[in-house]
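Here is a protein chain to explore step by step. Keep the sequence and the 3D view side by side as you read.

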Amino acid sequence: MRLSVVGCGYLGAVHAAAMAELGHDVVGIDVDARKVAQLSRGEAPFFEPGLQELLLAGLRSGRLRFSADPAALSSADLHFIAVGTPQLSGGAGADLSYVDAAFAQVLAHGKDGDIVVGKSTVPVGTVERLSGTIGRDAPRVTLAWNPEFLREGHAVADSLTPDRLVFGVAGGSRDDAAAAALAQVYEKPLRDGTPLIVTDWATAELVKVAANAFLATKISFINAMAEIAEATGADVTQLADAIGHDARIGRRFLNAGVGFGGGCLPKDIRAFQARAVELGLAETVVFLDEMDKINLRRRSRVVELAGELLGSGPAGRRVAVLGLAFKPDSDDVRDSPALEVACALRAAGAEVVAADPHAAANARARDPELVTVDSADEALVGAELVILLTEWREFTELDPERTAALVSGRRIIDGRNVLDPEAWIGAGWQYRGLGRR
Ligand code: NAD
């Protein structure tokens with residue numbers, strides 16, 4: 001099939017390359033000419049395991065190309081919209097201006113019979129609104145929404161072999177032209193047994209925000225338990241193990257720590273609340289405000305713990321921050337708890353030296369004064385306090401004895417509860433986890 005992908009960021013670049021891998025003819029379009037040039041050379045513009053190889057394979061096959069010119073849309077019959085929907089600068093809602101602009105571009109360069117499929121995460125009601133903006137002179141296109149569930153760090157596998165597919169189409173039925181076209185796009189994963197839900201626009205939009213709201217709630221729930229554990233001397237890791245054995249609860253996403261971040265969960269739960277307010281349903285999702293607050297409190301808690309461990313506070317003290325990305329295997333620092341803690345400590349006067357295998361440049365772009373180094377060892381030399389904030393393997397596998405020889409003070413905060421406290425305490429460290437004894 002001839003496809004376009006409008007917006008080639010963390011979602012769109014991977015989606016475009018994955019669609020080419022599935023055998024389609026794909027043009028990826030982005031307003032950022034530098035990104036387009038990089039992608040056209042087969043260079044991933046951000047760190048995502050396996051993306052570089054997928055890009056090169058697509059470019060070599062001749063089925064994948066990139067362009068900064070929206071007119072390139074006209075070579076495709078089905079257009080995916082994958083542009084950003086960040087939080088509004090002056091409010092909690094989603095900024096839909098990129099989606100609106102991308103949709104207008106597709107209408108400007110599309111033709112009768114084209115299918116327009118949104119992948120961006122949007123508030124419920126957006127597709128209905130977009131369909132109402134199609135002018136009489138515009139081409140007769142069919143509109144659908146196909147929310148994306150890829151996880152950064154696993155985006156290639158998640159795009160090639162998704163755990164489920166959701167098609168939101170006007171009639172909500174498999175007979176819809178857009179549903180049939182999407183079934184052709186995803187013919188391979190569907191043949192391999194990927195579960196498919198064909199539904200209406202509103203449900204498809206809600207599926208994505210509901211999934212993120214649930215995950216955020218699960219993480220914040222265990223972090224609330226961590227707060228209780230801290231006040232009572234209980235251990236949240238053992239608590240999570242114990243409740244996680246209940247199959248109805250499950251152990252996944254019950255890891256207490258410095259909390260969630262990134263370009264999706266935080267802004268999606270805020271946009272969900274803003275949309276609920278518009279719908280007159282503010283009370284229905286008011287709990288999400290608490291989830292957000294619990295999440296943000298964990299960041300402050302790490303800063304507080306740093307002060308406690310250092311005794312006289314962080315001013316003038318050398319602190320090694322391990323990790324800046326919001327999660328391992330990604331270079332994404334959007335709303336990253338790790339970066340926020342690093343910046344807060346720096347603002348409090350600490351001499352922060354941070355290391356992250358892939359996110360340092362993005363972190364410096366957000367905070368040019370942040371000192372970053374290339375390796376954990378360089379950050380650790382002379383540190384009076386070590387804070388692990390992103391669970392990259394090279395940090396979780398640090399050896400307490402070897403690390404002790406580098407630092408000037410054996411104090412460590414395990415912001416992700418991934419280290420073995422006994423091993424660290426045994427090596428003479430003052431160890432603090434979150435919600436851990
Ligand atoms: P991003 O900021 O990395 O990428 C957006 C891209 O769109 C940028 O490259 C930007 O230059 C481009 N763009 C903006 N306006 C454009 C236009 N008019 N024409 C062409 N390109 C344009 O954002 P992202 O993380 O890829 O997220 C995109 C959407 O996908 C968001 O709605 C997000 O919530 C959703 N999503 C993201 C993920 C993820 O893991 N990143 C997962 C699922 C869903």
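**A walk through the chain**

N417 sits in the loop between β13 (411-414) and α18 (421-426). This is a predicted model, so keep that in mind throughout. Is N417 buried or exposed? Its relative accessibility is 12%, so N417 counts as buried, because the cut-off for buried is under 20%. Now look at the backbone. N417 is not a glycine, yet it has a positive phi of about 50°. Most residues other than glycine have a negative phi.

D329 is not a glycine either, and its phi is positive, at about 65°. Find D329 in the loop between β9 (318-322) and α13 (337-347). Here the relative accessible area is 32%, so D329 is partly exposed. That label covers values between the buried limit of 20% and the exposed limit of 50%.

Next, go to the loop between α2 and α3, where F46 is found. F46 has a relative accessible area of 8%, so it is buried. What does F46 touch, leaving aside its neighbours within four places in sequence? It is in contact with G9, Y10, A13, V14, L51 and D331. F46 and D332 are 286 residues apart along the chain, but their C-alpha atoms are separated by 8.1 Å.

The helices are α1 (residues 12-21) and α3, whose axes come within 9 Å and cross at roughly 50°. That angle is why α1 and α3 count as oblique to each other. The crossing of α1 past α3 is left-handed. On the α1 side, the contact is made by A13, V14, A17, A18, A20 and E21. On the α3 side, it is made by L51, L54, L55, A57 and G58.

Now turn to the aromatic rings. How many aromatic pairs does a search of the whole structure find? It finds four. One of them joins F47 and W392. Their ring centres are 6.2 Å apart, with 45° between the planes, and the pair is tilted. These two residues come from distant parts of the chain, 345 residues apart. F47 is in the loop between α2 (33-40) and α3 (51-61). W392 is in the loop between β12 (385-388) and α16 (393-396). F47 has 23% relative accessibility, so F47 counts as partly exposed. W392 has 5%, so W392 counts as buried.

A second pair is F167 with Y186. Why is this pair called stacked? The ring centres are 5.9 Å apart and the planes are at 25°, and planes under 30 degrees apart count as stacked. F167 lies in strand β7 (residues 165-169), while Y186 is in the loop between α7 (177-185) and α8 (187-191). The pair therefore ties together parts that are 19 residues apart in sequence. Both F167 and Y186 are buried.

One more ring deserves a look. R164 lies over the face of F149, at 3.6 Å from the ring centre.

Move on to another helix pair. Helix α11 (residues 265-278) packs against helix α12 (residues 287-310) at an angle of about 150°, and their axes are 9 Å apart. So α11 and α12 are roughly antiparallel to each other.

At 2% relative accessibility, R298 counts as buried. Leaving aside its neighbours within four places in sequence, R298 is in contact with N223, A226, E227, E230, G257, V258 and L434.

End with R437, in the segment after β14 (430-433). Is R437 buried or exposed? Its relative accessible area is 58%, so R437 is exposed. Beyond its neighbours within four places in sequence, R437 is in contact with G233, A234, D235 and Q238. V185 lies elsewhere: R437 and V185 are 252 residues apart in sequence and 51 Å apart in space, C-alpha to C-alpha.

How values were computed
Residues numbered from 1 in each chain as written. Predicted model: local features only at pLDDT ≥ 70, side-chain atom pairs only at ≥ 80, totals over all residues. Heavy atoms only, no water. Phe/Tyr/Trp six-rings, centres within 6.5 Å; stacked < 30°, edge-to-face > 60°. Helix = DSSP H or I, 4+ residues; strand = E, 2+ residues; numbered from the N terminus. Buried < 20%, exposed > 50% of the residue type's maximum accessible area, 1.4 Å probe, protein only. Lys NZ or Arg CZ within 6 Å of the ring centre and 35° of its normal. Axes fitted to C-alpha atoms, helices over the stretch in contact; angles between N-to-C directions. Parallel < 35°, antiparallel > 145°, perpendicular 65-115°, else oblique. Contact = heavy atoms within 4.5 Å. Left-handed = near helix turned anticlockwise from the far one by under 90°.
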